[in-house]
Amino acid sequence: AKKAGRSCYRFYTAAIQQKATRHLQLVNALRTALDQQQLSIHYQPQLAMTDGRLVGAEALLRWNHPELGSISPGEFIPVAEDCGLILQLGEWVLRQAVRQARQWRDQGLALVMAVNLSAVQFRQADLPALVARILQEEGLPASCLELELTEGVAMYDPQQAIAVMNALHEQGVRMSIDDFGTGYSSLNLLKQFRVYKLKIDQTFVRDIETDPEDSALVAAIIHMADSLGLLTIAEGVETAAQLEILRSHGCKELQGYWFSRPLPAAEFTAYARQHQAT
Ligand code: C2E
Ligand code: CA
Ligand code: CA
Ligand code: CA
């Protein structure tokens, strides 16, 4: 038993060491990723429930490292947050996405560009000024930009969050709550946040056909959003059956593999042409 205990311990420390090594490796690699043009953005279509019209795009960061291969944002975003690089990365994504939205607009493709915002970015006092500057320099109307925040971001320091949201709202920038339902939102605060859309988390959508509780939860979220005057979008829609249940619950917008995976800009343009955005 002693022997097993010791080898178990050794296994445990080895796993921690491996994780620490990978973390360090990613931090070092991330420092040069931007300069070496290893980062890119894919865009995932967002569609209206009523007529399937393309209404928006979510910008999703991609990292392809020459030796480490493609690394998922789920792994490297937290690393970038830990080492402070997220501010630089976040600003880059924001600028690229705004620039792309402006290009599509010039081509007659009117879309709202949704950009994910990390908690670290949101806590920067000059965030509203940065957003205003990028919109102005790239020539995109503020109403074409949507910032996605998670519940945790807003709950960390509600007073600060309200101040920042007010400033962004005054500029005309839209804000949505990402992964809605997975965190803890006070309904009272939700009312004070200048949010215009709730993104229903994909964990609820995944089991919506088989789990009556998930289905009821989604219905309740949509009902609540309706009465607060908020839009709803379901993410992670993968099947026609999920789509129909979401339709019956009155969900307003959709995003997921059933329609399209996140696409490089050129492929997104082709997709948009086929889906008759106006
Ligand atoms: P998220 O914001 O919740 O983004 C949705 C994720 O679900 C994306 O994963 C997307 O590719 C994936 N997805 C979309 N449709 C489906 C579907 O039908 N089924 C399934 N199973 N998945 C679907 P991705 O691109 O790997 O991004 C993971 C997370 O990384 C994002 O979650 C977001 O939190 C973060 N992230 C990505 N790009 C950025 C960024 O530019 N800035 C920040 N701060 N975070 C980012
Ligand atoms: Ca998101
Ligand atoms: Ca999400
Ligand atoms: Ca998520």
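A residue counts as near a molecule if one of its heavy atoms lies within 4 Å of it. Keep that in mind as you open this predicted model, where local features need pLDDT of at least 70, side-chain atom pairs count only at pLDDT 80 or more, and totals for chains, interfaces and linings use all residues. Residues are numbered from 1 along each chain as its sequence is written, and side-chain values use heavy atoms, leaving out hydrogens and water.

**First stop: ligand 1.** Select ligand 1 and its surroundings: 21 residues, with Gln44, Arg62, Asp178, Glu238 and Tyr257 the closest. Now show the polar contacts (pairs of N or O atoms within 3.5 Å). Oxygen atoms of ligand 1 lie 2.8 Å from a side-chain N or O atom of arginine 62, 3.0 Å from a polar side-chain atom of aspartate 178 and 3.1 Å from a side-chain N or O atom of glutamine 202. Taken alone, ligand 1 exposes 800 Å², and the protein buries 80% of that (accessible areas by the Shrake-Rupley method, 1.4 Å probe).

**Next: strand 2.** Colour strand 2 (54–65), a DSSP run of E with at least two residues. Strand 2 gives the most to the shell around ligand 1, four residues.

**Last stop: the calcium ions.** Donors are N, O and S atoms within 2.8 Å of the metal (3.2 Å for Na, K and Ca); water is not among the atoms, so sites may look incomplete. What bridges ligand 3 and ligand 2? Aspartate 178 does, and these two calcium ions lie 3.9 Å apart.

Conventions:
Chains lettered and ligands numbered in written order. Polar contact = N/O pair within 3.5 Å; in protein donor to acceptor, adjacent residues only side chain to side chain.
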